[in-house]
Amino acid sequence: MTPERYDIAILGGGPAGTAAALALNIQAPQLAVVIIESSAYGQPRVGETLPPTVQPLLAQLGVWTSFLAEDHLPAYGSCSAWGSDRLESNEFIYGKYGRGWHLDRRRFDKMLAYEAAKRGSRLFINSSVVNVQKTSTGWRLAMRQGSEHSTVDATFVIDATGRRAAFATRYGARKIRVDHLLGAFVFLRCPETEDSYTMVEADADGWWYSAPLPGAGMVAAWMSDADIMKRQQSKKPLHWFAQLQKSAHTRRRLSSAEPLTQRILQAACSQRLNQVTGDNWLAAGDAAATCDPLSSQGVFKALRTGILASYAIRDFFSGDLSGREKYRLIIEREFAEYLKTRAEFYGQEQRWASAPFWQRRAVHQAV
C-alpha cells in the first residue's frame, strides 16, 4: 500500500504530543503533522491537577477559550501535613493567575487532540505503531487501527509515548532512574463538598495524595517505593484501604467516599533519558523526563516541553540544526534544577528520617 506522507509523526496524543502539534500548526503551518494515539480517550487518566501558571501556555497554544468551555473544577490551593501533623494551606489566590484546576484528564487530553485536528493535524485514535523502519528520508511507520493496517512516512518523529519512551529507547536512548516511586490510585465518588484543595499527607513509608474531580469525584493515591509496596503486600487491593486507615487527614477526607475503580498502579519515579534527541527524532513530555507527582507539574511540564520541541523541529526544517542541541540542554538543566528542589522538599520531612523511604531521599542525587 502507498504510505501517507507527513513531515512530522507524533507518537502519543497526550498533552506533550498535542502541544507540539498545536504549536507547529501555529509556527509552521506548511508542515504536515500526524498524531498517532493508542486510545480513544475513554479510560480514566492519572494526572489531574493543573497549576495556575498553565494559563499563558494554553493561551499561547490558542486553546484557552476551549479549555474554559470544558468547565473543569476550580482549584484554589493545596494543603499538606508535611514535616508535622498539622495541615498547612497554600492559597493560589495570592498568585498572579489566581486559581488552578482539577481536571477530568480524559476530557482535557481529548480537547487538545481534537483542537490540533481542527487546526490541520491528522489525528489517528485507537491506533498503534507495530513496526518502524529507518529510511533515507526519515521513518516509515506501520500502523494498526483495529483490523485496518496502514503505513505512514515521516521525516521526523516526536516520541510522546510517556514514561515508556517506546521510540527513543528502541533507537539508543537509555532511562536514568533516580528512584522507584510507585503510585496506587483509586478513583472515588464523594458527597458534594466545597473542598477544592489538593491534599498531601506524609507517612512513615511514603505519602498520600488526594484531589477533587469534576462531577463529585475524588482521586486518591498512596505513593511509596515499589519494594516497600511489595513487602507490605500492597498489590492486594484491600491493603490500600488498610494503609489508608493509618493516615489521619486523608482518612477523614475519604470517610464517606465510595470506590469507583480498582486500585491502579502507575510508575511515578523521577527519571530522564540520557539522550532526548537523535537522528530525526526527539522525545517530549514524560518520554524525555519525568518528575515526582509531589511537584504537581506533570501536565504543565508536558505542555511546555511540547512547545519547546516545536521550536527545535521548526528550526530543523528551516535548516538550523542547533535547535535540537538547545532543546537537549534545556531538558537536562531543568531536570538538574528539579532534583535540587525535590531534595529540599523531601528534606523538610524529618519525622521518619530513619525509615527506608525517607533515607533514600535524604541526599540530592545528581544524574
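Buried means under 20% relative accessible area, exposed over 50%, and partly exposed in between, with a 1.4 Å probe and protein chains only. Helices (H or I, at least four residues) and strands (E, at least two) are DSSP runs, numbered from the N terminus.

This is a predicted model: local features need pLDDT of at least 70, side-chain atom pairs count only at pLDDT 80 or more, and totals for chains, interfaces and linings use all residues. Residues are numbered from 1 along each chain as its sequence is written, and side-chain values use heavy atoms, with hydrogens and water left out.

**Exercise 1. Strand E14**

Task: Find which residues of E14 are buried on each side.

Solution: 
- Start with one side: Thr-198, Val-200 and Ala-202 are buried there.
- Conclude: six of the six residues of E14 (198–203) are buried, so the strand is largely enclosed by the rest of the structure.

**Exercise 2. The partners of E14**

Task: Work out in which sense E14 pairs with E5, and in which with E15.

Solution: 
- Ser-78 has Thr-198 of E14 as its bridge partner.
- Take E15 (residues 206–213): this strand runs antiparallel to E14, with five bridges. Ser-210 in E15 stands opposite Met-199.

**Exercise 3. Helix H1**

Task: Compare the reach of H1 with its expected span, then list what its buried residues pack against.

Solution: 
- Get the rule: the expected span is 1.5 Å times one less than the number of residues.
- Apply it: H1 (residues 15–27) has 13 residues and reaches 18 Å from first C-alpha to last, close to the 18 Å expected.
- Check burial: 11 of the 13 residues are buried, so H1 is largely enclosed by the rest of the structure. Among them are Pro-15, Gly-17, Leu-22 and Asn-25.
- Name the surroundings: the buried residues pack against strands E1, E2 and E11 and helices H4 and H9.

**Exercise 4. The nonpolar cores**

Task: Identify the residues that touch the most other members of the largest core.

Solution: 
- Define the core: a set of buried Ala, Val, Leu, Ile, Met, Phe, Trp, Tyr and Cys residues joined through side-chain atoms within 4.5 Å.
- Read off the answer: Phe-108, Leu-303 and Tyr-327, in a core of 76 residues. H9 gives the largest share, 10 residues.
- Look for another: a second, separate core of 21 residues includes Leu-181, Val-200, Met-223 and Leu-294.

**Exercise 5. Two tryptophans**

Task: Classify the ring pair of Trp-82 and Trp-207.

Solution: 
- Set the cut-offs: rings of Phe, Tyr and Trp (its six-membered ring) pair if their centres lie within 6.5 Å; planes under 30 degrees apart are stacked, over 60 edge-to-face, and the rest tilted.
- Count: the structure holds 21 aromatic pairs.
- Classify: the centres of Trp-82 and Trp-207 are 6.4 Å apart and the planes at 70°, so this pair is edge-to-face.
- Locate: Trp-82 lies in the loop between E5 and E6, Trp-207 in E15, 125 residues apart.
- Check burial: Trp-82 is buried at 10% relative accessible area, and Trp-207 is buried at 0%.
- Widen the view: both belong to one aromatic cluster, which includes Phe-345 and Trp-358.

Technical notes: Contact = heavy atoms within 4.5 Å. Pairing = 2+ DSSP bridges.
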